[in-house]
2 protein chains.
Amino acid sequence: MMILGLVSWMQPVHGYDVRRELLSWNADKWANVQPGSIYHALRKLTEEGLLREVTTEQVGSRPARTTYEITPKGQDELDNLLRGYWWEMKPVTDPFFAALSFLPALPREEAVAALRNRAAQLRAANDGVEVAAEKGWLREKPSHVRWMWELMVARNEGEIAWCERVAGLVESGVSYLPDRMRTADPGWERWREQVD
Amino acid sequence: MMILGLVSWMQPVHGYDVRRELLSWNADKWANVQPGSIYHALRKLTEEGLLREVTTEQVGSRPARTTYEITPKGQDELDNLLRGYWWEMKPVTDPFFAALSFLPALPREEAVAALRNRAAQLRAANDGVEVAAEKGWLREKPSHVRWMWELMVARNEGEIAWCERVAGLVESGVSYLPDRMRTADPGWERWREQVD
DNA sequence: AGCGTAATAGACAAGTTTGACTAACCTACT
DNA sequence: AGTAGGTTAGTCAAACTTGTCTATTACGCT
C-alpha cells in the first residue's frame, strides 16, 4: 500500500499532506489512489495497527487535522509489501488490451489510423520526457524518479515499433482468423457490419 | 466496458457464459473484471438501457438463468467506448511504479538483485509467448490475440534493457539525489537505515 | 448402482473507491 | 474595505468490486 510508504517517509503527516504529495507525483494516474480514498485508508491502517494517531490539532475553527505516524508493525508490513512488489510480477492492467480484443469490430482503415496515431502519441510522450530530463523539471527530481520515466520511455519504444508493425499487417488485409481456419466462415467481418 | 463488448459479440448470452469467456481470456488479470462483478454489471447496463433481458429460463430446479442481448443504444455506446480506448491513451497503472518510487528504502544490493530477477522473469515470459506462438495454444487463436501477446513482448523487451541498465547504475553506487544537490545531506540513506 | 468431483448459475454481505460537497481561512487586487 | 478565487482539511452517500457461499445437475469411475 502506497499510502503506508508515504507516511513512513513523511511522518508525522496528516491526510491532506499525503494527498498533496500523491497529486504532485501524479500518483492518482498510475497508482490506484484517488484523493478520496486516502482518509479511509489512513483510518483502516490505524485500525490494523500499522499506523498510529499522533495528535489532532485544530487551527481556528477549521476542520481538525489528525496526524499519523507509522508503528514498528507498520514498518514490517511495509517492508514485506515493498519486497513483494519488487520481486513479484503483477501483470499490468491496460484498457488498451480490452480495446485490442475487439479489433475485429473496427473498420480496418480506422484501426490502422488509430494505431499510427497511438505511435505518434507515444513518440510525443517520449520526446516530452527527454526534454524534461535535459532541461525541464525532471532535473530537480531524484534519480529514481527520472528512471521511472525512462522505464515508461523504454516500454513505449517497444510499443511504437509494435504499433507500426501491426498497422502494416491490418492495412495489408491479413485475416484475423487463425492460420488453420483461414478458409472458414469469417463471422467476425459480419459482426463488424452490424456494429457499423 | 469490456462486458458490453462481450455481450455484443456473443449475444444472446447469460452471465455464466460471459464469465467463462472472460476467464478463458484471462481477462480477470488484465482487465479489472473479476467474475463477481459480472452480474452486477449486467444488471446495471440493463438498467441504463444498454442491454435488454431476453428470457429467463430455468432447467430443473437450478438457479434461473437470464439471457441478455444488446440494444441499439448499447451498440452506440459500445462504439463510443471502443473508439475512446483506441484513440486516447490512458496512462497504465502499474504497481511496480509504486515500488520504484520507494527505491531508496531498499538496500542497494537487494534492488540490484530484484532488478536482474525482474529482467529474467520478463525474458522467461517472452520465451513462453514465443513458444506458444510457434507450437502452442496461441496458434489456434485469432491473429489479434497473438498480436496482443506480442505487444506485451514488445513492451517487455524495452523493460528488460531498462532493468539491466538501472541495475548497473544502482550497483555503481550512483547517488539518488538530483544532480544539483549531490553535496547536500543524503536524508534518504538515513531513512533506509530505519527501515532495516 | 453408488459416490465423489466438477460444472452450472447466480446471490450476497462486506469492503473499497469515488466524486461531489462543506466550510473556514488566506490573499491579492480593485 | 470588500470580495473573488484559491487553499486547507476532511466528510459522506452512492456506486462499484470482491470473495465466498449455495444448491443443483452432469459425469466419470469402480
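Author: By class, the surface near DNA strand C is made of 4 nonpolar, 9 polar and 7 charged residues (Ala, Val, Leu, Ile, Met, Phe, Trp, Tyr, Cys and Pro are nonpolar; Asp, Glu, Lys and Arg are charged; the others, Gly among them, are polar). The model is predicted: local features need pLDDT of at least 70 and side-chain atom pairs pLDDT 80 or more, while totals for chains, interfaces and linings use all residues. Residues are numbered from 1 along each chain as its sequence is written, chains are lettered from A and ligands numbered from 1 in the order written, and side-chain values use heavy atoms, without hydrogens and water.

Of the 20 residues around DNA strand C, those that come nearest are A:Gly36, B:Arg43, B:Ala64, B:Arg65 and B:Thr66 (near: a heavy atom within 4 Å).

Phosphate oxygens of DNA strand C take part in several polar contacts (N or O atoms within 3.5 Å). One lies 2.9 Å from a polar side-chain atom of A:Lys44, and one is 2.9 Å from a side-chain N or O atom of B:Arg43. At B:Ala64 a polar backbone atom is 3.2 Å from a phosphate oxygen.

Both chains contribute elements: α4 (35-47) of chain A, and α2 (15-24), α4 (37-47) and β3 (65-70) of chain B, each supply at least two residues of the surface near DNA strand C (DSSP runs numbered from the N terminus: helices H or I, at least four residues; strands E, at least two).

In chain B, β3 is joined to two strands (pairing takes at least two DSSP bridges). Strand β2 (residues 51-57) runs antiparallel to β3(B), with 6 bridges, and B:Arg52 stands opposite B:Glu69. Strand β1 (residues 13-14) is also antiparallel to β3(B), with 2 bridges; here B:Val13 faces B:Tyr68.

The loop between α1 (2-10) and β1 of chain B holds B:Pro12. The peptide bond joining B:Gln11 and B:Pro12 is cis, with omega about -5°. At the other end of this region, the loop between α2 and α3 (27-30) of chain B contains B:Asn26. Phi of B:Asn26 is near 55°, positive although the residue is not glycine. Most residues other than glycine have a negative phi, and most peptide bonds are trans. B:Asn26 is partly exposed, with a relative accessible area of 32% (20% to 50%; under 20% is buried, over 50% exposed; 1.4 Å probe, protein chains only).

Definitions and conventions
Polar contact = N/O pair within 3.5 Å; in protein donor to acceptor, adjacent residues only side chain to side chain.
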